[in-house]
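Subject: Structure handover

Hello,

Here is the structure I promised to pass on. Please open it first, then read my notes below.

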Amino acid sequence: MLILVVEDEPICALSTIAELEHAGHQTLGPARTLEEGLDLARAGHPTLALVDIDLAHKGDGLGLARQLREMHIASLFVSAQSRDAL
């Protein structure tokens, strides 16, 4: 499966990509912003996107997921934020 990774924390992004590829998936990214995520999605047509909720601008992940849905790309939200930080 081709999976787009959208995460603005480099360590989290690279760890996620390493685990996905180890599991046999192909990856796109990492994208750090809404714009980078859209560009990669348009170019690569992934099946799934793993999207950080809080990218560089708070809420960008939500906006990105909405736009990906219009492109028929499923999204799964990921976050390193603890519940107490919300």
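How many salt bridges does a search of the whole structure find? It finds one. A salt bridge here is a side-chain nitrogen of Lys or Arg within 4 Å of a carboxyl oxygen of Asp or Glu.

Before the details, a word on the source. This is a predicted model: local features need pLDDT of at least 70, side-chain atom pairs count only at pLDDT 80 or more, and totals for chains, interfaces and linings use all residues. Residues are numbered from 1 along each chain as its sequence is written, and side-chain values use heavy atoms, with hydrogens and water left out.

The salt bridge

The partners are Asp39 and Arg42, with their closest N and O atoms 3.7 Å apart. Both residues lie in helix H2. They are three residues apart, about one turn of the helix. Helices (H or I, at least four residues) and strands (E, at least two) are DSSP runs, numbered from the N terminus. An α-helix has 3.6 residues a turn, so residues three or four places apart point the same way. Asp39 counts as partly exposed because its relative accessibility is 48%. Arg42 is also partly exposed, at 47%. For these labels, buried means under 20% relative accessible area, exposed over 50%, and partly exposed in between (1.4 Å probe, protein chains only).

The sheet

Four strands form an open sheet, in the order E2-E1-E3-E4, and the pairing is parallel. Two strands pair if DSSP finds at least two bridges between them. E2 and E4 are the edge strands, each pairing on one side only. From one strand to the next, the twist averages 20°.

E1 covers residues 2–6 and E2 covers residues 26–31. Four bridges join these two strands, which run parallel. Val6 has Ala31 in E2 as its bridge partner. The chain goes from E1 through helix H1 (residues 10–22) to E2, and this β-α-β crossover is right-handed. Right-handed means that, with the strands pointing away from the viewer, the path from the first strand over the helix to the second runs clockwise.

E1 also pairs with E3 in the parallel sense, over four bridges. Val5 stands opposite Leu50 in E3. H1 packs on the sheet and touches E1, E2 and E3. The direction of H1 makes about 175° with that of E2. Axes are lines fitted to C-alpha atoms, for helices over the stretch in contact, and angles run from 0 to 180 degrees between N-to-C directions.

Helix H3 and the cores

H3 spans residues 60–70. Its buried residues are Asp60, Gly61, Gly63, Leu64, Ala65 and Leu68. They pack against E1, H2 (34–44), E3 (48–52) and E4 (74–78). Contact means heavy atoms within 4.5 Å.

Gly61 is buried because its relative accessible area is 0%. Not counting residues up to four places away in sequence, Gly61 touches Val51, Asp52, Ile53, Leu55 and Phe77. Gly61 and Thr33 are 28 residues apart in sequence, yet 8.4 Å apart in space, C-alpha to C-alpha.

The largest nonpolar core has 14 residues. Leu4, Val6, Ala49, Val51, Leu64 and Leu68 touch the most other members. E1, E2, H2, E3 and H3 each supply at least two residues of this core. A second, separate core of six residues includes Val5, Leu20, Leu48 and Leu50. A nonpolar core is a set of buried Ala, Val, Leu, Ile, Met, Phe, Trp, Tyr and Cys residues joined through side-chain atoms within 4.5 Å.

Backbone points to look at

The peptide bond from Gly29 to Pro30 is cis, with omega near 15°. Pro30 lies in strand E2.

Which way does the phi of His45 go, positive or negative? It is positive, about 55°, although His45 is not a glycine. His45 sits in the loop between H2 and E3. It counts as exposed because its relative accessibility is 61%.

His72 is not a glycine either, and has a positive phi of about 65°. Its place is in the loop between H3 and E4. His72 counts as exposed because its relative accessibility is 75%.

Best wishes
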